[in-house]
Amino acid sequence: INAEYMGRVDIKAHKRSDLVGNQFALVCELVFLPTGSCFTVAATHLKAMRKPNDGSAILRLGQATILVHALGGEETLKDRSNAHSVLICGDFNGSSEEPYYQQLLQAGFVSAYAAACGKDPEYTIYWPGMSPTAMDYIMFRPAGCRVVGILKCPSFVPAMLIDSWGSDHMAIYAEFDLAEGHTAGQDGPFV
């Protein structure tokens with residue numbers, strides 16, 4: 001694989017001064033040399049919620065919008081050839097019910113877990129005293145690739161993540177086939 005670092009995308013800007021963070025996305029353009037297939041990978045960490053209704057959901061929506069725009073914009077992403085895929089992965093710090101997730105879906109992104117299993121994991125984060133929830137995602141534009149495998153989520157065990165894994169986040173993983181013309185869900189579930 002030949003890789004070119006495209007840079008750091010600042011996604012912290014927002015009109016409200018109380019919604020300032022230090023979030024960014026690292027973006028890399030990769031080329032699979034045997035086929036010439038291109039794909040772009042962005043790793044990000046959206047603004048975390050500090051307390052209920054603190055406005056962070058609005059900031060995450062703004063950050064997702066900035067990220068989609070930085071990757072070429074919604075219309076450009078929809079018009080890209082079948083040979084170019086885009087992946088966004090990381091800690092999104094919000095559930096799939098939030099507006100940022102809907103923004104990514106509208107821009108043509110699909111969750112790798114939803115493509116492979118029909119739904120996102122029930123949880124990817126656990127803190128004692130909070131309900132387990134999914135906040136980590138691998139989102140991709142299905143043009144030119146398909147999910148062929150994921151890391152299955154283990155059964156929930158309280159404090160498993162912190163005590164056994166050394167993190168409050170669970171590892172997620174997806175493997176993609178970058179053959180031209182493939183789309184997610186083409187051959188059924190790929191678990």
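Student: Leaving aside its neighbours within four places in sequence, which residues is Ala 64 in contact with?

Tutor: Once the neighbours within four places in sequence are set aside, Ala 64 is in contact with Tyr 100, Gln 103 and Leu 104, where contact means heavy atoms within 4.5 Å. Before we go on, please keep in mind that this is a predicted model, in which local features need pLDDT of at least 70 and side-chain atom pairs count only at pLDDT 80 or more, while totals for chains, interfaces and linings use all residues. Residues are numbered from 1 along each chain as its sequence is written, and side-chain values use heavy atoms, with hydrogens and water left out.

Student: Where does Ala 64 lie, and is it buried or exposed?

Tutor: Ala 64 lies in helix H1, residues 56-70; helices (H or I, at least four residues) and strands (E, at least two) are DSSP runs numbered from the N terminus. Ala 64 counts as buried because its relative accessibility is 2%, and buried means under 20% relative accessible area, with exposed over 50% and partly exposed in between, using a 1.4 Å probe and protein chains only. The C-alpha atoms of Ala 64 and Tyr 101 are separated by 8.1 Å, although these residues are 37 apart along the chain.

Student: Zooming out, how many helices and strands does the protein chain have?

Tutor: There are 5 helices and 8 strands in the protein chain, and from the N terminus on the elements run β-β-β-α-α-β-α-β-α-β-β-α-β. Of the 191 residues in the chain, 44% are buried. Among contacts between residues at least 6 apart in sequence, 69% join residues at least 24 apart.

Student: Back to the rings, then: how many aromatic pairs are there?

Tutor: The count comes to 5 aromatic pairs. The rule is that rings of Phe, Tyr and Trp (its six-membered ring) pair if their centres lie within 6.5 Å, with planes under 30 degrees apart called stacked, over 60 edge-to-face and the rest tilted. One of the pairs is formed by Tyr 100 and Tyr 101, which is edge-to-face at 6.2 Å centre to centre with 85° between the planes. Tyr 100 is buried at 0% relative accessibility, and Tyr 101 is buried too, with a relative accessible area of 6%.

Student: And what geometry do Phe 140 and Phe 176 have?

Tutor: Phe 140 and Phe 176 are also edge-to-face, at 5.0 Å centre to centre and 65° between the planes. Phe 140 lies in strand E6 (residues 136-140) and Phe 176 in strand E8 (residues 174-177), so this pair ties together parts that are 36 residues apart in sequence. Phe 140 counts as buried at 0% relative accessibility, and Phe 176 is buried with a relative accessible area of 19%. There is also one aromatic cluster, formed by Phe 92, Tyr 100, Tyr 101 and Tyr 137.

Student: In what sense do E7 and E8 pair?

Tutor: E7 and E8 pair in the antiparallel sense over 4 bridges, and two strands pair if DSSP finds at least two bridges between them. The bridge partner of Arg 146 in E8 is Asp 177, and that of Ile 150 is Ala 174. Strand E7, residues 146-150, is mostly covered, with 4 of its 5 residues buried.

Student: Last one, where does Ile 88 lie?

Tutor: Ile 88 lies in strand E4, residues 84-91, and it is buried with a relative accessible area of 0%. Leaving aside neighbours within four places in sequence, its contacts include Ala 42, Leu 67, Leu 104 and Tyr 137.
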